[in-house]
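Here is a short note to read alongside the structure. Please keep the coordinates open and look up each residue as it comes up.

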Amino acid sequence: IEELLAAGTLSDIRTVFMAAAAQFGFENTFYAARFMLTVPASLLREPPVVLTNAPAPVLEEARQLRDLDSDGWVRWVLENDGDISSAELQAQWSSPSLQVAARHGVGAVHILSLRERVLHSAGAVLLNPHKGADDEVLAQRWRQSGRDMRILSWIMHMRVATMARQQFPPTLTPRQREVLGWRSAGKTVDEIAIILGITPATVEKHLRLARDSLGVETTPQAVLKAHVTHQLHHPDTALRG
């Protein structure tokens, strides 16, 4: 837990988590998550975070599958909390990717849902004891180490959520950030003009250029996108007043 909390990069988190999973009896691990799900996809959508040491042939074949979002285990973790074995899941849901894993000898997996463990996110951890393990071995390992892996998975997921997962190149000028910052604070165009000592027409120009730079149609969209891409400028004492 200390090593996960101290990890400074996604690569470090992967190394620590995979090593811990192996110590608890799970040699093959797959983690996937999406964050900021409340932000409209048309405005900004981060790619999923994937950390895994699963065999390369499994990953390569799974990538060739169409419409992975409708795969059984993906649908299950989006709609359910808790955990489930691959055998139990496939009795109810069709999962082409788990069928791929089974063909490569790693189909016996325990699936842990991370739905809403972090606000506005979804995620899952899939754990396989080792190549060739059957459902009985999987069940035994989960009875022995399930509680520990559940706690580690939750902490790992929360740590990933706090990381700077994607670097967004700056697209706004300092003045555009400043104007958007005041607009996000509820100031009108006329009030911003007075605060900055410029004309309302100049404020409107900076807002228009900011919308163009961010590729959005409205100023509220520009404020939101500037915020989630860490470009929003917040005047300190004035905003608190």
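1. Is Phe26 buried or exposed? Phe26 counts as buried, because its relative accessibility is 0% and the cut-off for buried is under 20%. Please bear in mind throughout that this is a predicted model.

2. The count of aromatic pairs comes to 2.

3. Another edge-to-face aromatic pair is formed by Phe30 and Trp73, at 6.0 Å centre to centre and 85 degrees between the planes. Phe30 lies in strand β1 and Trp73 in helix α4 (residues 72-79), so parts that are 43 residues apart in sequence are tied together by the pair. Phe30 counts as buried at 19% relative accessibility, and Trp73 is buried with a relative accessible area of 12%.

4. Next, the strands. Strand β4 covers residues 110-113; His110 and Leu112 point one way from it, Ile111 and Ser113 point the other way, and all are buried. Strand β3 (residues 83-85) runs antiparallel to β4 and is joined to it by 3 bridges. Strand β5 (residues 122-128) is also antiparallel to β4, with 4 bridges joining the two. Ile111 of β4 stands opposite Ile84, and Ile111 also stands opposite Leu126 in β5.

5. Which backbone oxygen does the side chain of Ser113 reach? That oxygen belongs to Val77, at 3.3 Å. Ser113 is placed in strand β4 and counts as buried because its relative accessibility is 3%. Leaving aside residues up to four places away in sequence, Ser113 touches Trp76, Val77, Asn80, Asp81, Gly82 and Gly123.

6. Arg159 deserves a separate look. This residue is in helix α7 (residues 135-161). Arg159 is buried yet has no salt bridge. The nearest side chain of opposite charge is that of Asp12, 8.1 Å away, whereas a salt bridge requires the charged atoms to be within 4 Å. The side chain of Arg159 does reach the backbone oxygen of Leu5, at 3.3 Å. Apart from residues up to four places away in sequence, Arg159 touches Leu4, Leu5, Ala7 and Ile13.

Notes
Residues are numbered from 1 along each chain as its sequence is written. This is a predicted model: local features need pLDDT of at least 70, side-chain atom pairs count only at pLDDT 80 or more; totals for chains, interfaces and linings use all residues. Side-chain values use heavy atoms; hydrogens and water are left out. Buried means under 20% relative accessible area, exposed over 50%, partly exposed in between (1.4 Å probe, protein chains only). Two strands pair if DSSP finds at least two bridges between them. A polar contact is a pair of N or O atoms within 3.5 Å; within protein, one must be able to donate a hydrogen and the other to accept it, and residues adjacent in sequence count only if both atoms are side-chain atoms. Contact means heavy atoms within 4.5 Å. Lys and Arg count as positive and Asp and Glu as negative; His and the chain ends are not counted. Rings of Phe, Tyr and Trp (its six-membered ring) pair if their centres lie within 6.5 Å; planes under 30 degrees apart count as stacked, over 60 as edge-to-face and the rest as tilted.
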